[in-house]
Amino acid sequence: MSRQTNPEEQQSHIRAVDLGIAIAGRTILTGVTATVSPGNRLVIVGENGVGKTTLLHTLAGLREPDVGSVTRAGTVTLVRQAMHDDPGHTVGDLIADATAEADRALADLDTAALAEGADGVAAAEQAFTRALDRANSLDAWDAARRVDVALAGLDACTDRSRVLHTLSHGQRYRVRLACALGRDGSLLLDEPTNHLDAGALSFLTSRLLERRGPLVVVTHDRALLRDLTADGQGTFLDLDPTSDGTPRMTTGTYDEWVSRRRADRERWEQEYTAQVAEHVRLEASVDEARGRLSTGWRPEKGHNKHGRATRAAGTVQALHRRQDALASHAVDVPEPPLRLRWPESSVAPGRMLLTCEDVSVDGRLAGPVTFGLSGGDRLVLTGPNGAGKSTLVDVLRERVEPTTGRCHIHDGARISVLNQHEPQWSEYAEQHTRAAEVYERVAGTDGPALSTLGLLDRTARSTPVDRLSQGQQRRLHLALCVATRPHLLILDEPTNHLSATLVDEMTAALRATEAAVVVVTHDRQMLRDLSGWPVLALR
């Protein structure tokens, strides 16, 4: 449902100039310049841990940049991934906060309308005009209805008395998102599609496309990226490392961004490979000249001393020239980004791995659910929020006992599960343990080295798990899942917190692996990519 642009939307903007951001003394962003005006959509993309959320918080004013400046006009609303609610806070508290500014404007208008005009009629009329302008700028009369429409569209809880802590993580998020959609001004969203089913995703997309105020979105959702840029109104701010160290700004569609990004990466890899090869050649040349100096230049016995001295001097000069050439040749192109390398998993086609018979869980999974999985099988598990998808996953991994039916893992079958949320790292190690050490405890000596998987760079591998970003923790969790080379891999919302590039690489790997694979997802692009797989739809 579209509506006319109001003054609040027309006046709102966010402008960042030459931003530099450091965390714990390490520079993570530099040279970021962007302007988001009414009608503009800025999508911030990049691999996990590059600073997308930090930049979003800086644009919203939650933190100051270390270098550069940010200016804001109008209302700024931020919806964060992490949610911190005080005990006792209700759905009504969130809604009241979302409409508070509009409610104050209406109250001020009522007060101005009833004023006696003690300071004169002209002063009273001026006060009323200011109050009316403010109410109009906020479209204040429609604020409560906009929130109600968003709550319904996202299938969020509408019970004002419901305590937030009694809602699931996804339900709480949908309430917050609906409240934000009901407000005017600049809207900043951090991974807004993570907790939405198909209906809610469709509603969110339509509302964002209709929005006239400035919009900034951090997302890995490839379908949303396509939709937000299909009309040419979107700009990509790509924070992934580049060969020259500056962020990449691209205007155009999703496919155009992907094409330019791929071309830049291929050029980067070629330049890096060429420089490394030249450096290796120069090193070999120095070694060869040094070898000639020590042995190869010596003439046979009986030669005159003058000839020997002349040859020695020439060989020394050649060595010095080659050493100078090596010293002057620095590999100044940084190492290109990681590429996913999926470890091989050998399982015989047709080997029975898991049997699920007439399973249901009271209050969580209606059922009955029946299916079997053998080596090489594929299955997509879908259904609306609350249908019991994650509950079924917990039954398959023997974390929940079914009320009816049974789930049987056949002898010797190795099963790994990537659940929706990051694991309790205390199951593996202390919170301050480095990511590489956590991985080694799970993979052991038989698993592939973490550095070979292309999931975490050198810095992330040496970082304690509690200091990794959500995306980096998700990558580590995925690495733990594939470390044992499972026969059956179950992925519950695998695209959450992972970059679009990595998801594309992961999808290709899932198609190719010999292991059986179960994917639970609302991700529209992944559903399109896996459209040929059998589907089990829960209701």
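This is a predicted model: local features need pLDDT of at least 70, side-chain atom pairs count only at pLDDT 80 or more; totals for chains, interfaces and linings use all residues.
Helix 5 passes helix 6 in a right-handed crossing, that is, with the near helix turned clockwise from the far one by less than a right angle. Helices here are DSSP runs of H or I, at least four residues long, numbered from the N terminus. Residues are numbered from 1 along each chain as its sequence is written, and side-chain values use heavy atoms, with hydrogens and water left out.

On the helix 5 side, V147, A150 and L151 meet V175, A178, C179 and L181 of helix 6; contact means heavy atoms within 4.5 Å. The residues of this contact comprise 7 nonpolar, no polar and no charged, where nonpolar covers Ala, Val, Leu, Ile, Met, Phe, Trp, Tyr, Cys and Pro, charged covers Asp, Glu, Lys and Arg, and polar the others, Gly among them.

Next, the cores. A nonpolar core is a set of buried Ala, Val, Leu, Ile, Met, Phe, Trp, Tyr and Cys residues joined through side-chain atoms within 4.5 Å; buried means under 20% relative accessible area, exposed over 50%, and partly exposed in between, with a 1.4 Å probe and protein chains only. The largest such core has 40 residues, and L154, V175, L177, L181, L189 and L208 have the most contacts inside it. Helix 6 gives the most to this core, with 7 residues. Beyond its neighbours within four places in sequence, L177 is in contact with L154, L189, P192, L196 and L204. A second, separate core holds 35 residues, including L456, V465, V482 and L489.

Which residues of helix 2 are buried? They are K52, T54, L55, L56, H57, T58, L59 and A60, which is 8 of the 9 residues in this helix, residues 52-60. Just after helix 2, G61 takes a positive phi of about 95°.

Finally, Q126 lies in helix 4, residues 121-137, and is partly exposed, at a relative accessible area of 48%. Its C-alpha atom is separated by 74 Å from that of R485, 359 residues apart along the chain.

Technical notes:
Helices (H or I, at least four residues) and strands (E, at least two) are DSSP runs, numbered from the N terminus.
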